[in-house]
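Q: I am new to this structure and would like to learn how to read its features one at a time. Could you take me through them slowly?

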Amino acid sequence: MNPRRLVVLALAVLTAAFVWLRDLSWWAESPDALSLLAGVGLYAWFGQPWRWRAEARPLAVGVVAAGLGLFLVGSLTDATLLLALGWCVAWQAWLAAELAEDAPAAGPRLVALLFCAFPWVAVGGQSIGWWFRYSGAAATELFFRLTGLAVDREGTFLLVQGQPLSVDPACAGLNVLQAMLLAGVVLAQLKLTPVRWYWTGLALLVPLAWLANTVRIVTLGVAGVTFGADAARGWFHHWGGWTVLCLMFALTYATFAGLARLAARKP
């Protein structure tokens, strides 16, 4: 590999480390976020074989500038999501010019694995968590009303038949949300070959994650009303995180299998 490529690769590693280390609040919120680095290994594996061009193509300067612009805005606004997005855009633009056209990583499909390898949910996902909690509380209220129980709700606090229930930040599912998204990207890579259906599948990942987490919140609410709040906050709550991961995997697998069947149909 020529020295110029080595310099760019080193710069990419350093800026990626900057995104991870500039705000270590993710360590307090979700130490498991380190597991997201598995996305880098998956990217390297799916990207095989790595074939470099003897001579690089002209760089898409506009795309690189867009990536650097997003990175700069992310730095100025303290937005890890924009930092990660800008890094991935600039990286992919450079890689597309350096790799052989038939190399898997030359196209944009695999870069979603790298995007999910940054801790943008753990660092800046409070607003996402709020809406997950709020909508989960609303779904729980609707469920209990449909079963004929008396329910009052204010924000994320519910009173069901006199039993207080609160959808706390731990119920937002942020600790497992990005792991679910990373797993979904891997499934899309394995099952959705056509480009159009691949990006359709990725667009469905957040709604599927929301659905899985909402089912978890409703289930915790049922456990709280049936067995008491202590039971819902104890082992049931702990294992609920694993349950939502399994449910997300099942929902994603079923959805992507359906999309794959649609893609296989002849026009």
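Q: Which residues in H1 meet which residues in H5?
A: Before the case itself, note that this is a predicted model, in which local features need pLDDT of at least 70 and side-chain atom pairs count only at pLDDT 80 or more, while totals for chains, interfaces and linings use all residues. Residues are numbered from 1 along each chain as its sequence is written, and side-chain values use heavy atoms, with hydrogens and water left out. Contact means heavy atoms within 4.5 Å, and helices (H or I, at least four residues) and strands (E, at least two) are DSSP runs, numbered from the N terminus. On the H1 side the residues are Arg-4, Arg-5, Val-8, Leu-9, Ala-12, Thr-15, Ala-16, Phe-18 and Val-19, and they meet Thr-80, Leu-83, Trp-87, Trp-91, Trp-94 and Glu-98 of H5. The residues of this contact of H1 with H5 divide into ten nonpolar, two polar and three charged, where Ala, Val, Leu, Ile, Met, Phe, Trp, Tyr, Cys and Pro count as nonpolar, Asp, Glu, Lys and Arg as charged, and the others, Gly among them, as polar.

Q: At what angle do the axes of H1 and H5 cross?
A: Two packed helices are described by the angle between their axes and the distance between the axes. Here the axes (lines fitted to C-alpha atoms, for helices over the stretch in contact, with angles from 0 to 180 degrees between N-to-C directions) of helix H1, residues 3-21, and helix H5, residues 80-98, cross at roughly 165 degrees and come within 10 Å. That makes H1 roughly antiparallel to H5, a word used for angles over 145 degrees.

Q: How do the axes of H4 and H5 cross?
A: The axes of H4 and H5 come within 7 Å and cross at roughly 160 degrees, which makes H4 roughly antiparallel to H5. By class, the contact of H4 with H5 has twelve nonpolar, five polar and no charged residues. Among the H4 residues that take part are Val-63, Leu-70 and Phe-71, and the H5 residues include Leu-82, Leu-83 and Trp-87.

Q: Which residues of H3 are buried?
A: Buried means under 20% relative accessible area, exposed over 50%, and partly exposed in between, with a 1.4 Å probe and protein chains only. In helix H3, which covers residues 38-46, Gly-39, Tyr-43 and Phe-46 are buried. They cover an arc of only 75 degrees around the axis, which puts them on the same side of H3, the arc being that of the directions from the helix axis to the C-beta atoms.

Q: Is Thr-214 buried or exposed?
A: Thr-214, which has its place in helix H11 (residues 205-227), is buried, with a relative accessible area of 6%. Leaving aside its neighbours within four places in sequence, Thr-214 is in contact with Gly-136 and Ala-139.

Q: Which residues does a cis peptide bond join, and where is Asp-78 found?
A: A cis peptide bond joins Gln-48 and Pro-49, with omega about -10 degrees, and Pro-49 is found in the loop between H3 and helix H4. Asp-78 is found in the loop between H4 and H5, where Asp-78 has a positive phi of about 60 degrees although it is not a glycine.

Q: How many helices and strands does the chain have?
A: The chain has 13 helices and three strands, and of its 267 residues 43% count as buried.

Terms used. Parallel < 35°, antiparallel > 145°, perpendicular 65-115°, else oblique.
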